[in-house]
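The exercises below concern the sheet and the nonpolar core of a protein model. Work through each task before reading its solution.

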Amino acid sequence: MMNELQIEISEISPKLRSMRLTGDLDSRSAPMLMEAWRRARRAGERMLINLSGVPFVSSSGVGALLAIVEESNDAGSPVQIVGPTENA
């Protein structure tokens, strides 16, 4: 059974935002993650991507996370991926 991806974005401090993901990160949800991240990011601001609620990550999901890291590094806005589950 698929767990549809939910994304919650919150501001932790003026220079730090968080994206908390819940559900599967797969070929159907990876584009949704990329779009949400592009809307949420801000120049010079750090972003945490919390995967503690993600039970499954497909190769498409890994690709999306890598693209986010690369784009963040190019823009000088660091991203940190936290809380991956053992099964993901």
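**Exercise 1.** Determine in which sense S1 and S2 pair, and over how many bridges.

*Solution.* S1 and S2 are antiparallel partners joined over seven bridges, where strands are DSSP E runs of at least two residues and helices H or I runs of at least four, numbered from the N terminus, and pairing requires at least two DSSP bridges between two strands. Within this pair, glutamate 8 stands opposite arginine 20 in S2. The model is predicted, so local features need pLDDT of at least 70 and side-chain atom pairs pLDDT 80 or more, while totals for chains, interfaces and linings use all residues. Residues are numbered from 1 along each chain as its sequence is written, and side-chain values use heavy atoms, without hydrogens and water.

**Exercise 2.** Find which residues touch the most other members of the largest nonpolar core.

*Solution.* This core is a set of buried (under 20% relative accessible area, 1.4 Å probe, protein chains only) Ala, Val, Leu, Ile, Met, Phe, Trp, Tyr and Cys residues joined through side-chain atoms within 4.5 Å. Of its 19 residues, Leu21, Leu25, Leu33, Met47, Ile49 and Ile68 touch the most other members. The elements giving two or more residues are S2 (16–22), H1 (30–40), S3 (46–53) and H2 (59–75), and H1 gives the most, with six.

Notes
Buried < 20%, exposed > 50% of the residue type's maximum accessible area, 1.4 Å probe, protein only.
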